[in-house]
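Reader: Could you walk me through a few labels used for this model, and how each one is reached?
Author: Gladly; have a look first, and then ask away.

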Amino acid sequence: SALGLILVVSLLGTFGYGLVFGVQDPVMQMAMDAVIVPVEASLMAILVITLVYASIRLLRQRRDVTTILFLVAAVLLLIAIMPKPFDNSLFDGLIIDLTGVLSRGGARGLLIGIALGTILTGLRVMFGVDRPYGGN
């Protein structure tokens, strides 16, 4: 369609302009800011809605230490990333470091679970318990 063609031509034109003039060119900076800033704002809005909704659902189902810890981490992260009229980068940096520690622990747990599941699936296929290609 015509809109798809316009999108591809715009993409290639912007890419070519960036290669020729570099990313420090004022026109390139303006083009990137016109795209990146609204996308970042939209993604932050989705993040806020998702975190608040997840916190409410979690608090309705159970109230324990991990639920409260999730809620505190979510609220602190939202406070750290929101725009403020004053500069308190030390406090924001501390909050982001704290929430980073908590999220890295969760990410490590997920990766360990994925690795164990992959190893188990590989062993099941090697020993013939599962036959992924329909063999008898």
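Author: Leu 76 lies in helix H3, where helices are DSSP runs of H or I with at least four residues, strands are runs of E with at least two, and both are numbered from the N terminus. A word on the ground rules: this is a predicted model, in which local features need pLDDT of at least 70, side-chain atom pairs count only at pLDDT 80 or more, and totals for chains, interfaces and linings use all residues. Residues are numbered from 1 along each chain as its sequence is written, and side-chain values use heavy atoms, leaving out hydrogens and water.

Reader: Why is Leu 76 called partly exposed?
Author: Its relative accessibility is 22%. Buried means under 20% relative accessible area, exposed means over 50%, and partly exposed is in between (1.4 Å probe, protein chains only). Leu 76 therefore counts as partly exposed.

Reader: And what makes Leu 116 exposed?
Author: Leu 116, in helix H4 (residues 89-126), has a relative accessible area of 55%, so it is exposed. Leu 116 also belongs to a nonpolar surface patch of about 790 Å², together with Ile 112, Ile 119, Leu 123, Met 126, Phe 127 and Val 129. Patches take residues with over 30% relative accessible area and no salt bridge; nonpolar side chains (Val, Leu, Ile, Met, Phe, Trp, Tyr) are joined within 5 Å, like charges within 9 Å.

Reader: How do you know that H2 and H3 are roughly antiparallel?
Author: Helix H2 (residues 26-61) and helix H3 (residues 65-81) pack at an angle of about 160°, with axes 10 Å apart. Angles under 35 degrees count as roughly parallel, over 145 as roughly antiparallel, 65 to 115 as roughly perpendicular, and the rest as oblique. H2 and H3 are therefore roughly antiparallel to each other.

Reader: What makes the contact between Asp 64 and Arg 62 a salt bridge?
Author: Their side chains meet at 3.7 Å, N to O. The rule asks for a side-chain nitrogen of Lys or Arg within 4 Å of a carboxyl oxygen of Asp or Glu. By this rule the count comes to 1 salt bridge. At 31% relative accessibility, Asp 64 counts as partly exposed, and so does Arg 62 at 43%.

Reader: Which label does Gly 16 get, and why?
Author: Gly 16 sits in helix H1 (residues 2-21). With 25% relative accessibility, Gly 16 therefore counts as partly exposed.

Terms used
Accessible areas come from the Shrake-Rupley method with a 1.4 Å probe; for residues, only the protein chains shown count as cover. Axes are lines fitted to C-alpha atoms, for helices over the stretch in contact, and angles run from 0 to 180 degrees between N-to-C directions.
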